[in-house]
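Thanks for coming. I have one model to go through today, and I will keep to what can be computed from its atoms.

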Amino acid sequence: MSYDGRVFTVQLGNVMRKLPIFQVAPGVKIAIFNMLGDAEIVETAASLLSARMPTAAEVLIVPEVKAVPLAHVLAVQSKLPYVVMRKFRKPYMVDCLETEVVSITTGTPQNLYIDGKDVHLVRNKNVVLVDDVISTGSTLRGLRQLMEMAEATVVGEMAVFTEGKPGDWDEIISLGHLPVFMD
């Protein structure tokens, strides 16, 4: 990825951030939203999303890493448990369910895992998928596949931002949309 100093400004409630614009492919640039370590933006986003949480929700599902703080605060605010879908299988994880995805930020295939010890937390539950940014939808598809394998029902999908073509994400509960810059 390369950075030329340009930024894209976003606002969530009363909080504004300038997102750096990085090239992720030849002629394609995106504004990078990274809320890790930004407690103010995490708290604000969680508060705004919590108000729009589907009422049937029983468990929050989140891919690691960047969206985990958001899921934690959403869980505290909504009093719902959350389960993290891991991107790397650790030696202590047994009887995992797994699927493969390709993320726009990495551009390479990677797996998503639900640890066998967590499957009972989602089986036959109404779940809400939570992510920081939904761009191509590959992580979202992976989360859906894992929930199908775990016999859970997806009752909502939430993100701080969607990205790409705005009409592609009408069903997503989000706080804003990030454009893709074609140079």
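I will take the open sheet, then the helices, the cores, and one arginine in a loop.

First, the ground rules. This is a predicted model, so local features need pLDDT of at least 70 and side-chain atom pairs count only at pLDDT 80 or more, while totals for chains, interfaces and linings use all residues. Residues are numbered from 1 along each chain as its sequence is written, and side-chain values use heavy atoms, with hydrogens and water left out. Helices (H or I, at least four residues) and strands (E, at least two) are DSSP runs, numbered from the N terminus.

Four strands make an open, antiparallel sheet in the order 1-2-3-12. Two strands count as paired if DSSP finds at least two bridges between them. Strand 1 (2-12) and strand 12 (180-182) are the edges; each has a single partner strand, so one side of each has no neighbour in the sheet. From one strand to the next, the twist averages 30°. Axes here are lines fitted to C-alpha atoms, for helices over the stretch in contact, and angles run from 0 to 180 degrees between N-to-C directions. Strand 1 and strand 2 (residues 15-25) run antiparallel and are joined by eight bridges, with S2 opposite Q23.

What packs on this sheet? Helix 1 (residues 39-50) does, touching strand 1 and strand 2, and its direction makes about 100° with that of strand 2. Contact means heavy atoms within 4.5 Å. The buried residues of helix 1 are I41, V42, T44, A45, A46 and L49, where buried means under 20% relative accessible area, exposed over 50%, and partly exposed in between, with a 1.4 Å probe and protein chains only. These residues pack against strand 1, strand 2, helix 2 (68-78), strand 9 (153-163) and strand 10 (173-174).

Helix 2 buries L70, A71, V73, L74 and A75. Their cover includes helix 1, strand 4, strand 5, strand 8 and strand 9. After helix 2 comes K79, with a positive phi near 65°.

Now the cores. A nonpolar core is a set of buried Ala, Val, Leu, Ile, Met, Phe, Trp, Tyr and Cys residues joined through side-chain atoms within 4.5 Å. The largest has 30 residues, and those with the most contacts inside it are F33, M53, L60, L70, L74, V160 and F161. Strand 1, strand 2, helix 1, helix 2, strand 8 (126-134) and strand 9 are the elements that give it two or more residues. Which element gives the largest share of this core? Helix 1, with five residues. Apart from this core lies another, of 21 residues, among them V83, V119, I134 and L146.

V83 brings us to strand 5. Its covered face holds V83 and M85, its uncovered face Y82 and V84. Strand 4 (residues 59-63) pairs with strand 5 in the parallel sense over four bridges, and P63 stands opposite M85.

Last, the arginine. R86 sits in the loop between strand 5 (82-85) and strand 6 (97-102). The R86 side chain makes a polar contact with the E64 side chain at 2.8 Å. A polar contact is a pair of N or O atoms within 3.5 Å; within protein, one must be able to donate a hydrogen and the other to accept it, and residues adjacent in sequence count only if both atoms are side-chain atoms. Leaving aside neighbours within four places in sequence, R86 is in contact with E64, Y92, M93, N111, L112 and Y113.
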